[in-house]
There are 2 protein chains.
Amino acid sequence: MSLPLGFRYSAVYAGLRKTKRNDLGLIWSDKPASAAAVFTTNVVKAAPVLAAQANLLAAGGRVQAVLVNAGNANCATRTGDRVVKDTLSALSKSLKVPAKLLFPASTGVIGVEMKGELVVKAIPALVTEASESRFDDVALAIMTTDLVPKSVAAGLELKGGVVHIAGMTKGSGMIHPNMATTLAFVMTDAEIAPAKLQPILKRAVDASFHRISVDGDTSTNDCVLVMANGASGVAVAPRELKAFEESLTVVLQSLAKQIARDGEGARKLVTIDIQGTKNNADAARIARSIANSPLVKTAIAGADPNWGRIICAAGYSGIQFDPRGVDIAFQGTPVCQRGLAVDFDESALTERLKENDVSIGFKLRGDGKGAATFWTCDLTEGYIEINGSYRT
Amino acid sequence: MSLPLGFRYSAVYAGLRKTKRNDLGLIWSDKPASAAAVFTTNVVKAAPVLAAQANLLAAGGRVQAVLVNAGNANCATRTGDRVVKDTLSALSKSLKVPAKLLFPASTGVIGVEMKGELVVKAIPALVTEASESRFDDVALAIMTTDLVPKSVAAGLELKGGVVHIAGMTKGSGMIHPNMATTLAFVMTDAEIAPAKLQPILKRAVDASFHRISVDGDTSTNDCVLVMANGASGVAVAPRELKAFEESLTVVLQSLAKQIARDGEGARKLVTIDIQGTKNNADAARIARSIANSPLVKTAIAGADPNWGRIICAAGYSGIQFDPRGVDIAFQGTPVCQRGLAVDFDESALTERLKENDVSIGFKLRGDGKGAATFWTCDLTEGYIEINGSYRT
């Protein structure tokens with residue numbers, strides 16, 4: 001799959017992380033791109049989030065470059081705003097791009113002053129070494145407790161020609177309830193106005209990142225950014241907006257599922273399908289309740305088809321339903337029908353629950369048309385190990 | 001501390017558990033007692049919960065005996081209602097007490113048919129062996145993954161003489177979000193009308209069991225029951241109701257804190273104090289958000305004074321506040337003031353966080369009068385070990 005045209009990438013080690021691994025990344029469009037972003041709803045917002053929101057507004061929804069670091073969240077710090085200002089100012093000079101077209105993002109520890117001078121010092125090399133082929137280097141640089149870099153690319157044939165969409169993300173944490181920062185950057189060479197892009201991104205995020213239960217309980221630094229620089233020369237026609245949205249949704253869902261699969265300590269991607277509720281919102285609420293239950297997540301880790309934990313988590317979701325109308329399946333195998341146990345080959349199902357991909361189906365009998373799909377991961381000892389001493 | 005007068009206790013092994021450990025308990029008052037109870041709000045309710053609610057209503061708030069078993073929740077089973085009926089009927093004959101004065105309770109696995117005949121068979125011995133001194137045997141019999149039995153006794157001097165209050169409970173699970181069943185039985189020899197008792201219990205539970213975040217996300221079997229049999233001959237006078245409520249609250253808080261301390265895999269009791277919010281409800285919501293954060297709980301397990309996770313969890317609680325007005329302390333040591341890091345002796349504080357009792361203080365500056373105290377536990381590898389294969 002080809003990457004979108006007109007973007008350059010770079011990553012260097014600025015010294016923000018203790019271990020010597022690239023911790024500073026640059027995504028740089030040849031020209032200002034239409035941009036849309038979704039940010040954390042946390043009351044506590046990191047300095048780069050506030051600056052990114054302000055810049056996006058000041059530039060009328062345009063971004064030309066992203067400056068992202070790992071190792072420090074630049075949040076709840078005395079010097080946060082100053083650090084953002086100094087580093088963007090240095091990058092602005094180096095790229096010859098107005099500062100308001102720059103988009104800052106940070107991930108790492110909260111409450112520790114960030115050494116902006118290390119970033120300023122690293123910027124010349126960062127800019128010099130930028131190239132169209134270094135996409136993966138940025139995906140690697142933004143990782144924190146992630147075990148693998150996460151990226152995806154897709155092509156879409158429009159009437160005027162092919163456009164490309166590529167995205168990268170970082171996540172980890174137990175996904176929810178969590179505070180691990182989610183950062184996602186999606187680049188496309190399609191031509192589309194910022195005003196068109198924002199609602200499309202909002203809906204695509206609702207169907208992807210918000211389905212791994214990161215909304216509501218978001219970190220201080222979360223953001224998902226899309227940049228469309230039009231370098232393909234192909235504009236998205238009004239009647240093609242739906243197709244473009246679908247492609248963007250597929251890209252974001254792939255990234256979101258990669259985050260769920262790589263949850264801290266996780267060994268499995270768990271897909272939860274809810275059907276038969278009154279509406280989609282009810283289905284999402286039941287799905288979220290199941291996805292967030294540590295008892296469900298540990299049962300999956302132990303390959304235990306313990307459907308009692310599923311029906312119980314659904315029961316405290318806040319959605320009313322008749323327990324006698326509940327069907328539950330693991331890996332497509334019915335384990336509960338009309339709210340009661342059904343016979344199944346327990347040892348065979350336990351074997352199948354040891355697979356890397358686990359599905360949970362929860363269906364209410366009747367004529368309800370509501371449905372939702374959620375993704376989560378299992379909960380293992382690894383999660384505790386990682387988080388018991390992350391800061392130190 | 002003396003136990004309340006006029007209650008007998010018994011426990012036997014009926015064979016509901018795989019391991020041979022008492023799994024059937026009886027609490028038996030010499031005469032019908034005034035009773036009040038708070039039940040699970042889960043949509044999915046076990047058969048004994050529905051029967052207990054019906055009996056309490058039919059008997060006008062009177063209970064003479066509790067029949068409780070561990071090993072099977074008798075929930076989401078085909079034969080649930082029949083099992084409750086048969087076992088209460090057998091107990092009714094054996095005790096010569098009308099069935100509607102009997103209160104059933106169960107804890108254990110969901111969705112597996114319960115063998116009622118084992119209980120029926122065990123009832124004669126259960127009744128024969130009942131005695132005033134076997135209180136602790138029942139507390140032991142109701143344990144599931146609890147490591148220690150949980151009980152407390154208190155005395156209260158009223159105008160007419162001394163009354164006694166004693167309670168036992170079982171819990172475990174990570175407390176919240178959880179589905180581990182909470183059962184609590186409180187006995188008193190005070191004389192008080194059922195209509196007076198119910199609102200007192202409701203408020204006492206709000207200040208105790210609902211402060212270890214079990215409300216909302218409750219199991220299919222949760223219940224807290226208080227029985228007042230008047231055997232002391234001392235009635236609670238109208239002007240003494242407040243003092244009685246305070247004693248009952250102290251008893252329930254002790255039981256609730258014992259549950260939190262013995263959370264699955266837990267090594268520490270964590271007390272979270274919130275101050276300075278607009279009202280108590282806001283404080284409780286922030287406290288709950290902090291108490292439920294796996295990242296906070298793992299940091300405590302690792303003795304890591306990671307206040308960034310505290311402020312972040314408060315930030316996604318849904319309550320609005322100015323991060324620059326936040327003070328945070330661990331073990332009374334300030335680690336964050338006005339939303340910013342303050343200098344503290346990190347190694348000394350890390351040592352203190354290794355203690356069995358950890359306190360987290362979160363205060364908003366200003367004139368807000370809201371406050372709340374919550375209790376939770378740390379999250380360790382032990383939790384995963386216990387829950388990865390509980391059912392099998």
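How far apart do the C-alpha centres of domain 1 of chain A and domain 2 of chain A lie? The separation between those two centres is 33 Å. Domain 1 covers residues 7-261 and domain 2 covers 269-387 of chain A, with bounds that come from an automatic or database domain assignment.

A quick word on ground rules. This is a predicted model, in which local features need pLDDT of at least 70 and side-chain atom pairs count only at pLDDT 80 or more, while totals for chains, interfaces and linings use all residues. Residues are numbered from 1 along each chain as its sequence is written, and chains are lettered from A and ligands numbered from 1 in the order in which they are written.

Let's begin with two loops. A76(A) sits in the one between β3 (62-72) and α2 (80-95); helices (H or I, at least four residues) and strands (E, at least two) are DSSP runs, numbered from the N terminus. K96(A) belongs to the loop between α2 and β4 (102-109). Most residues other than glycine have a negative phi. Yet A76(A), not a glycine, has a positive phi of about 55°, and K96(A) has a positive phi too, near 55°. Are these residues buried or exposed? A76(A) is buried, because 29 other C-beta atoms lie within 10 Å, whereas K96(A) counts as exposed, with 7 C-beta neighbours inside 10 Å. The cut-offs are 20 or more other C-beta atoms within 10 Å for buried, 12 or fewer for exposed, and partly exposed in between, with C-beta atoms placed from the backbone.

Now for a pair of helices. α7(A) (residues 280-291) and α9(A) (residues 307-315) pack at about 130°, their axes 8 Å apart. Axes here are lines fitted to C-alpha atoms over the stretch in contact, and angles run from 0 to 180 degrees between N-to-C directions. The two helices are therefore oblique to each other, a label left for angles that are not under 35 degrees (roughly parallel), over 145 (roughly antiparallel) or 65 to 115 (roughly perpendicular). I286(A), S289(A) and I290(A) of α7(A) meet I310(A), A313(A) and A314(A) of α9(A), where contact takes C-beta atoms, placed from the backbone, within 7 Å.

L364(A) lies in strand β13 (residues 357-364) and counts as buried, with 23 C-beta neighbours inside 10 Å. Leaving out residues up to four places away in sequence, L364(A) touches G276(A), T277(A), F321(A), G325(A) and V326(A).

Definitions and conventions. Contact = placed C-beta atoms within 7 Å.
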